[in-house]
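Student: I am new to this structure. Please take me through one part of it closely: the contacts between charged side chains.

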Amino acid sequence: MASFINNYRLLAAAIDNTPLIDNHAHPLLQAENINQHPLLSIASEANGDALQDSETSLAHIRAVKQLSKILGCEQTWDAVVTGIVHQRHQSLDRWTKKCLEGIETILIDDGLQLHGRARPYSWHSNFTTSKCKRIVRIETVASDILASFTATAEHPVTVDDNDVQHIIVEFCRRIEKYIADPEVVGFKSIICYRNGLHIESVDDLRKDGKSLKGGLEDIVNGGLKDESPISAASLKVRLENSPWNSLIVHKTAELISKTCGHKKPFQFHTGLGDNDITLTKSSPSHLQDFIRQYPAVPVVLLHAGYPWTRETAYLATMYTNVYADIGEVFPYISRQGQEGVLKQMLELCPYSKILCSTDGHGVPEMYLIATTQIRSVLKTVLGELVQTQQLTEKQAAELVQAILFFNSRKLYNLWTETDLPSLEELESVAITSSAQLRSLSPANWSNHEISNHEIVQKLQKFNTKYMRIYWHDYTSSAKCRLVPVRQIYKALESSKPFTLSLVKASLGLLQVDMMIPQVTGTGMYTYQPEWSTLKPGPIEGHVSCFGYFTEADGSEVALCPRTILRKTVEKAATEQGLAFLFGFEVEFIVMERNPDTTSPDKYRTLNNDGHAWSMARMLADWGRNGSFSTAIDDILDALDAAGILYEQFHPESAPGQYELVLPALPPMEACDSLLHARQILESVAARHGFRVTLHPKPFAQVCGSASHAHMSISSPGGDDPALYESFYAGILSHFRAIIAFTYSNPTSYERMVDSFWAGGRWITWGTQNKESPLRKIEGSHWELKVLDGLANPYFAVAALLAAGTDGIRKKTPLTWKDCEGDPALYTTEERSKLGIERMFPANLREALQALKDDESLGLDPAFVQRYVDSKEAEMKMLLDPLSPEERRRWVLERY
């Protein structure tokens, strides 16, 4: 099942951005040997003929799916193999770097007997953020000693007590050397493979000295392979089923126990492994007596003990010196199994005792799919825990940082290049991650990480009766289809996506349902809900969401408003590494229906006692029936229920005028949040008998209403003047064209007046200057004042970002000087010194001409043409046939 992660930006950011300290893995093979390693083994511990059967395992099928997506090839194993071979041939180092992305450091068990075919542990530091360290495998240490002893002994050998003591002393000497070696951060035993995890007690070993001698004789008299240099791999008889296996474990534990200060952890392979293990002897529960005997030795139970995960969790919970690793199940078992392992571990085990690893070995692709799957499963399991209120989102984010990073750093006493951000700092990363997530294509986005089952769960959680599916068209009208939830369930239960079919003329209709001349009634679009935008409201029992227009085959529609913004954001991110934040101020005027049915005015202003900016008395009758202040209570409650954050709510200057301040979010999310908030404002106000209007200038003698936008560059370096000054220089350069989107209605230009804190008519900027159209606040945080509620926010933001990124691309200098006063009051000479040379278009017709003349703004020409066509048709309908007063009433009724 997919995760709820799209609802939790902080948690998603923690999972995506916390580097992994891989506390257990193995070396990669040398370049000349890498292609000899069977690729099938990246998703299976089987070997020989059994490995071929793994192609029908869920783990293998999932690996194929993930690798094919990364490689951009067909979803077949043959295509994946071809793609991997190609990547390695192109540049093995570059491909390895890609595969090891997101890994802080690797603690490498280099005791595998690979006969010189593997890379040294230190080589891997070329691809990780911090230097990699060693885990010493004690069986390899002992076998090295035995191989040297065998090489110098006279055969046949009869082992005596002195020989036994010599081997023990030499083993202890080497372990002590490794304890003192800063490059070694821990030890590992594979006694699970050699004897099973039931370790003989020290007393039993002392009583059975004969077996020690006999076990040693069997190994030494077995002789050596004819190879050089002599090493553990040279022994013909390996160290197994011998009391020596238990003895070296005890000796290592004793030496660790005696260490002053930090004690290096002792890893044990448990559970999952190839057919070299005896499965019934691989449960970590066999280690309980050993754990009790050495309470000062940090013991790490590797591989979640799978399939004995709960036993592993129990031991890590009940013994302060025991830690549970959840590696190797990624990628060796199915996704369901991986989710089960993590859930079982968290049933009992404190997350401060859980470590993470890849168990990567031989080939880099195993690291790639292991880390991909770890993060994906964390999103699913932790998203559910937050959704069901077993964890807060902050607690879940802390859990992620602990399991992926902090627990291992502390346990192994590591120094890392990376210092993780605080959760507060991670919030900004969360916003950037959200922006990156929304750069996915529309055909894939609505289903990305969200299953039909999860959609049903979300709808049920909200007690949904009806779903409102919104889109915002070229006239900036909010359009909607209301669908009973049973219809959605019916579609989802058939394993099909739920979509709407909308006539293509939808993106060419005027406010009165007349088609513009350039469209026809032929053809249909598919409208795909974007389930991540699903929010409860604007009334109980209803939910609302936005979506994307697509063609019937799922391909994107260039004219889709949200697609236009998505592609603009994506272009800025991919070409220049830029990410942005936008926060809107929603200004609106509250009116009530005119009881005089003979009056041409359907609405009238509220009775008020000195309504003014931030006037406290405007909230004095909060709670009184019939008061808009009482409606405010319901509005804010509805925003809270929908998860729409807001920073302030206060009276504004005009009679009945208020402002709702929304926080900074990534561009798409900011626009969605703005439109959701407007629907809630309009709906709740209407239920209380009020009318909310976004008319930019309903009364000539008082302040108008805007939708000021705060914007900043949130990507690294965004507050560098060399970057943001070019960004805003780009906006200033294209401002005459941009205004066609931000003042999109003929009525908008009634608000374009000087000396009224409305942004004025002159193209300029100023620090904390409310008379300038662009107000610099701090760093890259600037405010756009020439935007009103009649603009389609997706279009307006796309135009601003296209202009700003064009400025960065061209390194446009900010030739306009900081304007500290009202440019309308300056002389021509004074304006010239500040670089203030041009005025905004005086009306929409001039603005559209400026848009047509601007060939470098960078927006899709087909979209620009459709927009111009729509606006020209709108002007024909509004300007000539209607008087100014008729036009005022017409806009009040619709916006």
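Student: Which side chain meets Asp601 in a salt bridge?

Tutor: The partner is Arg889. Keep in mind that this model is predicted. Now take their surroundings. Asp601 has 24% relative accessibility. Arg889 has 21%. Buried would mean under 20% and exposed over 50%, so both residues count as partly exposed.

Why do such pairs form? Side chains of opposite charge can pair when their charged atoms come close.

This pair is part of a longer list. The count comes to 39 salt bridges. Some of them share partners: Arg194, Arg238, Glu240 and Asp276 are joined into one network that way.

Next, look at Glu347 and Arg310. Their side chains also form a salt bridge, at 2.8 Å from N to O. Glu347 lies in helix H14 (residues 335-348) and Arg310 in helix H12, so this bridge ties together parts that are 37 residues apart in sequence. Glu347 is partly exposed, at 49% relative accessible area. Arg310 is partly exposed too, at 45%.

Stay with helix H12, which covers residues 309-318. Met318 is found there. Met318 is partly exposed, with 46% relative accessibility. Together with Tyr314 and Leu348, Met318 makes a nonpolar surface patch of about 280 Å².

One more bridge is worth a look. Arg409 pairs with Asp419, and their closest N and O atoms are 3.5 Å apart. Arg409 is in helix H16 (residues 393-411). Asp419 is in the loop between H16 and helix H17 (423-437), ten residues away from Arg409. Arg409 is partly exposed, at 22% relative accessibility. Asp419 has a relative accessible area of 61%, over the 50% cut-off, so Asp419 counts as exposed.

Three strands form an open sheet in the order S11-S12-S15, paired antiparallel. Strands S11 (500-503) and S15 (547-550) are at the edges with a single partner strand each, so one side of each has no neighbour in the sheet. From one strand to the next, the twist averages 35 degrees. Strand S12 (residues 524-529) pairs with S15 over four bridges. Gln528 stands opposite Tyr548 in S15.

Conventions:
Residues are numbered from 1 along each chain as its sequence is written. This is a predicted model: local features need pLDDT of at least 70, side-chain atom pairs count only at pLDDT 80 or more; totals for chains, interfaces and linings use all residues. Side-chain values use heavy atoms; hydrogens and water are left out. Two strands pair if DSSP finds at least two bridges between them. Helices (H or I, at least four residues) and strands (E, at least two) are DSSP runs, numbered from the N terminus. Axes are lines fitted to C-alpha atoms, for helices over the stretch in contact, and angles run from 0 to 180 degrees between N-to-C directions. Patches are made of residues with over 30% relative accessible area and no salt bridge: like charges are joined within 9 Å, nonpolar side chains (Val, Leu, Ile, Met, Phe, Trp, Tyr) within 5 Å. Accessible areas come from the Shrake-Rupley method with a 1.4 Å probe; for residues, only the protein chains shown count as cover. A salt bridge is a side-chain nitrogen of Lys or Arg within 4 Å of a carboxyl oxygen of Asp or Glu. Buried means under 20% relative accessible area, exposed over 50%, partly exposed in between (1.4 Å probe, protein chains only).
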